[in-house]
Amino acid sequence: LAATREAAARGWQAGLIQLCLACAVTAIRAGETTLLAAFDGNASAVERLAALQLLALVAEELHSPASKISVAPARPAALRAALVSQADATLATLHRWFEEAAAAAAASQRLQPAQAEAAAHSAAAVLRAVGAWCACGLLGAESAAASPLLSRCAAGALANSRTAVDAAEAACAAIELAE
């Protein structure tokens, strides 16, 4: 966990992805959310980046694993059930984090370009995570349809070159839930 936080703090994206992938596989093998709870996205921007990457990768690995994970089928099913039961709360948290990132990006746009870039990166990470949760089926169609994150926020993010791709993918994943 310390290495994952350090990779996030230093902006080592490739290292962060690999470490979060290892955490995601460990969570799937355990069949529970304890490891996911170890990253408190409310504690700091670093924790938030790690939490967002982990949320996205757990969903992606549950949906279509990058490699064969040797585990009894009941464990991924248990993790999926636990995540689905927390989906509305997770969606609300992701929406709040997106709003915070968007507000920070707007406030620092003129004065501090580096902070604006970091905030846009955080907003894009939120969109990637929620898109992965939609694609994996962790969010229900009704929750996704009612979420301002997957409608108003995603539509607004399409206007920003740093968030447009992730916004489009999240919106498309949400639309596919309804089909």
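**Helix packing, cysteines and buried residues in a predicted model**

Author: In this predicted model, the axes of helix α4 (residues 45-63) and helix α7 (residues 113-136) come within 8 Å and cross at roughly 20°.

Reader: Why are α4 and α7 called roughly parallel to each other?

Author: Angles under 35 degrees count as roughly parallel, and the axes of these two helices cross at roughly 20°; α4 and α7 are therefore described as roughly parallel to each other. As for handedness, α4 passes α7 in a left-handed crossing.

Reader: Which residues make the contact between α4 and α7?

Author: On the α4 side the contact is made by Arg48, Leu49, Leu52, Leu55, Ala56, Ala59, Glu60, Leu62 and His63, while α7 contributes His121, Ser122, Ala125, Val126, Arg128, Ala129, Ala132, Trp133, Ala135 and Cys136. Sorted by class, this contact of α4 with α7 has 13 nonpolar, three polar and three charged residues.

Reader: How do you know how many disulfides there are, and what keeps Cys20 from being counted in one?

Author: A disulfide is counted where a pair of cysteine sulfur atoms lies within 2.5 Å, and by this rule the count comes to zero disulfides. For Cys20, the closest cysteine sulfur is that of Cys23, at 5.8 Å, which is too far for a bond. Cys172 is likewise in no disulfide, the nearest cysteine sulfur, in Cys134, being 11 Å away.

Reader: Why is Cys20 called buried, and why is Cys172 called partly exposed?

Author: Buried means under 20% relative accessible area, exposed means over 50%, and partly exposed lies in between. Cys20 has a relative accessible area of 0%, so it is buried; Cys172, with a relative accessible area of 46%, is therefore partly exposed.

Reader: What makes Thr4 count as buried or exposed, and which residues does Thr4 touch?

Author: Thr4 has its place in helix α1 (residues 2-10). Its relative accessible area is 2%, and because the limit for buried is under 20%, Thr4 is buried. Leaving aside residues up to four places away in sequence, Thr4 touches Leu16, Leu19, Cys20, Cys23, Phe39 and Ala50, and one of these, Cys20, is itself buried.

Reader: How do you know whether Asp166 is buried or exposed?

Author: Asp166 lies in helix α10 (residues 164-178) and has 10% relative accessibility, so under the 20% limit Asp166 counts as buried. Again not counting residues up to four places away in sequence, Asp166 touches Ala124, Leu127 and Arg128; among them, Arg128 also belongs to the α7 side of the contact with α4.

Methods: Residues are numbered from 1 along each chain as its sequence is written. This is a predicted model: local features need pLDDT of at least 70, side-chain atom pairs count only at pLDDT 80 or more; totals for chains, interfaces and linings use all residues. Side-chain values use heavy atoms; hydrogens and water are left out. Axes are lines fitted to C-alpha atoms, for helices over the stretch in contact, and angles run from 0 to 180 degrees between N-to-C directions. Helices (H or I, at least four residues) and strands (E, at least two) are DSSP runs, numbered from the N terminus. Angles under 35 degrees count as roughly parallel, over 145 as roughly antiparallel, 65 to 115 as roughly perpendicular and the rest as oblique. A crossing is left-handed if the near helix is turned anticlockwise from the far one by less than a right angle, and right-handed if clockwise. Contact means heavy atoms within 4.5 Å. Ala, Val, Leu, Ile, Met, Phe, Trp, Tyr, Cys and Pro count as nonpolar, Asp, Glu, Lys and Arg as charged, and the others, Gly among them, as polar. Buried means under 20% relative accessible area, exposed over 50%, partly exposed in between (1.4 Å probe, protein chains only).
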